[in-house]
Amino acid sequence: MSEEEGIEVKPMGAYGETILKIVLIPVIAALNYVTGAIVTLTRLPAFLDTWATSFGVIVAGLWVGALGGFLYNIIMALTLWGLPAWVWGFINVYIAVITWVFYRAGWVDVKKPGKLIAAGLITGFTNTFACTLVSVVAFGALPTAPSPFMTAVYAWALNATGNMVFASWMSSVAVELYDKTIALYIAAIVASALPKRFILTKSTS
Amino acid sequence: MSSLIQLGYEEKDSWVHKLDPRTKFILFIWASIFNYIFYDIYISLAFLISLIVLTVVGKVAKRILKIISIVLIPFYVLSTLVIALPIGFPYNKTPLFSFTVFGFGVTFYLEGAAYVAIWTLRLAITMTSALLFFLTSNPARITTILLKLRIPYKYIYALLSVFQLIPIMQRRIQVIYQAQVSRGLNVNVGLFKRLKNFLAILIPLTLGSMSDLQLRAIALESRGFSAPVRKTFIIRSDLTKSDYVILSVMVALSALFIYWITTIGLIVFMKGIPYIRPAG
């Protein structure tokens with residue numbers, strides 16, 4: 001049974017939407033969390049653990065995406081990364097805000113791949129500064145990712161400049177640009193595959 | 001990495017499990033803060049050993065040590081190779097040892113090795129104390145405490161339900177993956193195809209989760225999720241004598257640490273190694 005078959009679907013009230021949005025927050029956090037498992041299974045050389053934050057913004061609005069993303073980092077801080085890593089939650093809040101800005105501007109749309117890629121690249125580049133800040137505060141500006149590629153970029157930049165903060169920023173640039181672009185693209189693709197009854201935000205178009 | 005962890009509290013009969021979650025959470029914050037203040041391997045080691053003793057008493061040592069080693073050994077090895085070797089760490093001055101690789105002399109430096117060791121220990125301590133709290137604290141007791149602190153129930157639900165959702169989703173990923181493999185999904189392909197494989201798993205997982213959303217919302221409402229009434233508690237959580245002992249030890253040690261910081265500095269026992277800030 002579906003809307004297409006002629007069944008009348010009553011619009012959901014504001015109260016029902018609020019409950020759904022609250023229930024969606026942990027789903028977003030869990031989707032970000034389990035993305036690591038799918039990345040491992042499919043052997044993708046990326047993190048992609050912010051895609052669900054962007055997806056939450058598209059589906060249910062800024063606050064749902066931001067809270068879901070922030071909650072994901074709280075869970076990671078309590079389980080794998082330790083206390084200092086909770087500040088990474090602000091990166092997810094930033095991702096939510098910038099996704100919301102681009103979504104409202106109509107750039108987060110699979111039918112506009114040029115704008116979508118540009119939005120991803122801008123998100124990734126601006127995010128490198130926040131990542132570097134967290135890396136310095138929480139990890140002593142050491143090479144944090146267990147990736148030989150990122151470590152090689154870090155070693156090259158450190159060798160060239162002798163500056164650990166710059167090396168940390170360079171290794172972020174090497175990954176964040178494509179990682180955030182792909183993550184935003186995935187969020188847009190998955191949101192476009194979703195039946196309209198699940199979309200709790202007003203369309204921008 | 002996130003797939004490595006077996007999430008969740010396990011009911012066990014131990015002294016650590018009986019401690020109030022508030023005590024363990026304060027221990028987690030307290031240990032993390034002081035370790036990020038001191039720049040001393042000996043103090044960090046003393047913290048780590050004490051925490052490991054608590055994990056043994058709490059019967060969660062095996063799980064925690066497995067997680068810590070999986071996360072921190074690659075971090076330690078890669079960081080040491082970059083920082084302790086003469087690649088560019090500007091504070092390297094004192095040769096620790098040298099060896100020859102393919103005819104090239106390679107020297108490890110004390111300053112770089114100590115810097116990586118201290119940061120790795122800091123991370124080990126904060127992770128161990130976080131996991132000790134998380135794996136030995138009953139979620140029902142945490143809920144009771146958070147409600148007592150007047151945190152709205154909807155936020156408590158959001159926090160605690162993630163831990164139920166993650167294992168459900170992890171099982172679903174396996175089911176979807178097996179189904180996709182039976183339809184010819186191949187992981188030994190190029191980057192673009194791997195991205196398509198990723199979506200082939202992610203889209204069914206997300207659609208399934210969104211379908212569950214409405215069911216979950218209805219189920220919650222049917223049990224008065226947002227009813228404007230005062231929630232009652234099945235489980236009580238009160239501080240015991242053991243909690244007061246742990247809290248008193250933390251207060252006494254804090255006084256000692258503050259005394260050391262004001263009289264000796266941030267390096268108390270470790271001699272001959274300069275204090276190094278990441279930003280120089």
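Author: To begin with the setting, the centres of domain 1 of chain B and domain 2 of chain B, taken over C-alpha atoms, are 35 Å apart, where domain 1 covers 2-138 + 239-263 and domain 2 covers 165-222, with bounds that come from an automatic or database domain assignment. This is a predicted model, in which local features need pLDDT of at least 70 and side-chain atom pairs count only at pLDDT 80 or more, while totals for chains, interfaces and linings use all residues. Residues are numbered from 1 along each chain as its sequence is written, and chains are lettered from A and ligands numbered from 1 in the order in which they are written.

Helix α4 (residues 89-104) of chain A packs against helix α5 (residues 113-139) of chain A at an angle of about 160°, with 10 Å between the axes, which are lines fitted to C-alpha atoms over the stretch in contact, the angle running from 0 to 180 degrees between N-to-C directions. The two helices are therefore roughly antiparallel, a label for angles over 145 degrees. Their crossing is right-handed, meaning that the near helix is turned clockwise from the far one by less than a right angle. On the α4(A) side the residues are Phe90(A), Ile91(A), Tyr94(A), Ile95(A), Ile98(A) and Phe102(A), and they meet α5(A) residues that include Ala119(A), Thr123(A), Asn127(A) and Val134(A); contact here requires C-beta atoms, placed from the backbone, within 7 Å. By class, this contact has 10 nonpolar, 3 polar and no charged residues, where Ala, Val, Leu, Ile, Met, Phe, Trp, Tyr, Cys and Pro count as nonpolar, Asp, Glu, Lys and Arg as charged, and the others, Gly among them, as polar.

Helix α5(A) also belongs to the side of chain A that touches chain B, where α1, α3, α6 and α7 likewise give two or more residues. There, 51 residues of chain A are in contact with 63 residues of chain B, and the largest share of the chain A side, 19 residues, comes from α1(A). By class, that side has 41 nonpolar, 9 polar and 1 charged residues.

Notes:
Helices (H or I, at least four residues) and strands (E, at least two) are DSSP runs, numbered from the N terminus. Angles under 35 degrees count as roughly parallel, over 145 as roughly antiparallel, 65 to 115 as roughly perpendicular and the rest as oblique. Two residues are in contact if their C-beta atoms, placed from the backbone, lie within 7 Å.
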